[in-house]
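Me: I have a protein open in the viewer and would like to talk it through. Could we start with one of its pockets and then move on to the rest?
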Amino acid sequence: HKNKGSTEMKPLIAITIGDPAGIGPEIVLRALNNKEVYTEIRPLVIGNVKFLERVSDVVKNKAAFNIVSSPEEGKYEFGTVDVLNIDNAEPEEIPYGVISAKAGAAAYDYIKKSIELGIEKKIDGVATAPIQKEAIHMAGIPYIGHTEMYQEITNSPNALTMFHVDNMRIFFLTRHLSLIN
């Protein structure tokens, strides 16, 4: 019998860091600087720890990075950022604010890993940081955005983008397409 407040009962949520040249790594670390996050979920960051280290001083996150090779190895405690590290680029290769194929490919690697973990039922859900669609395109990745990636790679017949704010849920009728040209 597990205690409802126990770590095992909280959903394990993968968090992809998005485009490493953008605001994704910063958003992720800022979010994990909030103790409340750890009372609700077990956050597992998927990305290259070097890009998180690059922004840790900027966001004043003094948490220790715990590099894991599988979700089971995570501590899921405030003050520790559990990272499934995908060492796919060096920060010198991907400077801040520069749109590049290298950054797009790196972001796609993090998304693919989250999908793999979901299919293997090793995580309960995914939160994604922003990707740069032009960088994704430059990397030769044939998707418009996250929704299309998740839909096609998981062979899902339908996929919707949803924003959840307080008690309101917003679904989009169209994605990246105007109703009238």
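Reply: Gladly, and please keep in mind that this is a predicted model. By class, the residues lining the second largest pocket are ten nonpolar and two polar, with no charged residues among them.

Me: Which residues line that second largest pocket?
Reply: The lining of the second largest pocket is made up of I13, I15, T16, I27, V28, A31, L32, V37, I41, A127, T128 and A129.

Me: And which helices or strands supply at least two residues of it?
Reply: Strand 1 (12-16), helix 1 (24-31) and strand 5 (125-128) each give at least two residues to the lining of the second largest pocket.

Me: What volume does it have?
Reply: The volume of the second largest pocket is about 180 Å³.

Me: Ok, zooming out. How many helices and strands are there, and what is the pattern along the sequence?
Reply: The protein has six helices and seven strands, and when they are read along the sequence they follow the pattern β-α-α-β-α-β-β-α-β-α-α-β-β.

Me: What does the radius of gyration say about a compact globule?
Reply: For 181 residues, a compact globule would have a radius of gyration near 16 Å, and the 17 Å of the protein agrees with that. Along its principal axes, the C-alpha trace of the protein spans about 55 × 40 × 30 Å.

Me: What about burial and surface?
Reply: Buried residues account for 43% of the 181 residues in the protein, while the accessible surface comes to about 10,400 Å², with 54% of it belonging to carbon and sulfur atoms.

Me: And what share of the contacts join residues at least 24 apart?
Reply: If you take the contacts between residues at least 6 apart in sequence, 68% of them join residues at least 24 apart.

Me: Switching to helix 6: is it enclosed or open, and why?
Reply: Helix 6 (residues 146-153) is largely enclosed by the rest of the structure, because six of its eight residues are buried. Those buried residues are H146, T147, E148, M149, Y150 and Q151.

Me: What do they pack against?
Reply: The buried residues of helix 6 pack against strand 1, helix 4 (101-119), strand 5 and helix 5 (133-138). Strand 1 and strand 5 also came up for the second largest pocket, where each supplies at least two residues of the lining.

Me: What follows helix 6?
Reply: Helix 6 is followed by N155, which has a positive phi, near 55°, in a residue other than glycine. N155 sits in the loop between helix 6 and strand 6 (162-165), and its relative accessibility of 68% is why it counts as exposed.

Me: Ok, now K121. What is its phi, and where is it?
Reply: K121 has a positive phi of about 60° although it is not a glycine, and it belongs to the loop between helix 4 and strand 5.

Me: Is K121 buried or exposed?
Reply: K121 counts as exposed, because its relative accessibility is 73%.

Me: Last one, N85. Where is it, and what does it touch?
Reply: N85 lies in strand 4 (residues 80-85) and, leaving out residues up to four places away in sequence, touches G47, N48, V49, I67 and V68. With 27% relative accessibility, N85 counts as partly exposed.

Me: How far apart are N85 and K133?
Reply: In sequence N85 and K133 are 48 residues apart, and in space they are 23 Å apart, C-alpha to C-alpha.

Technical notes
Residues numbered from 1 in each chain as written. Predicted model: local features only at pLDDT ≥ 70, side-chain atom pairs only at ≥ 80, totals over all residues. Heavy atoms only, no water. 1 Å grid on protein atoms, 1.4 Å probe; cavity = no way out; pocket = protein on both sides within 12 Å on 5 of 7 lines; lining within 4 Å. Points joined across faces, edges and corners; volume = space filled by probe spheres on them. Helix = DSSP H or I, 4+ residues; strand = E, 2+ residues; numbered from the N terminus. Nonpolar A, V, L, I, M, F, W, Y, C, P; charged D, E, K, R; others polar. Rg over C-alpha atoms; globule rule 2.2 N^0.38 Å. Buried < 20%, exposed > 50% of the residue type's maximum accessible area, 1.4 Å probe, protein only. Contact = heavy atoms within 4.5 Å. Areas by Shrake-Rupley, 256 points an atom, 1.4 Å probe, with all protein chains shown as cover.
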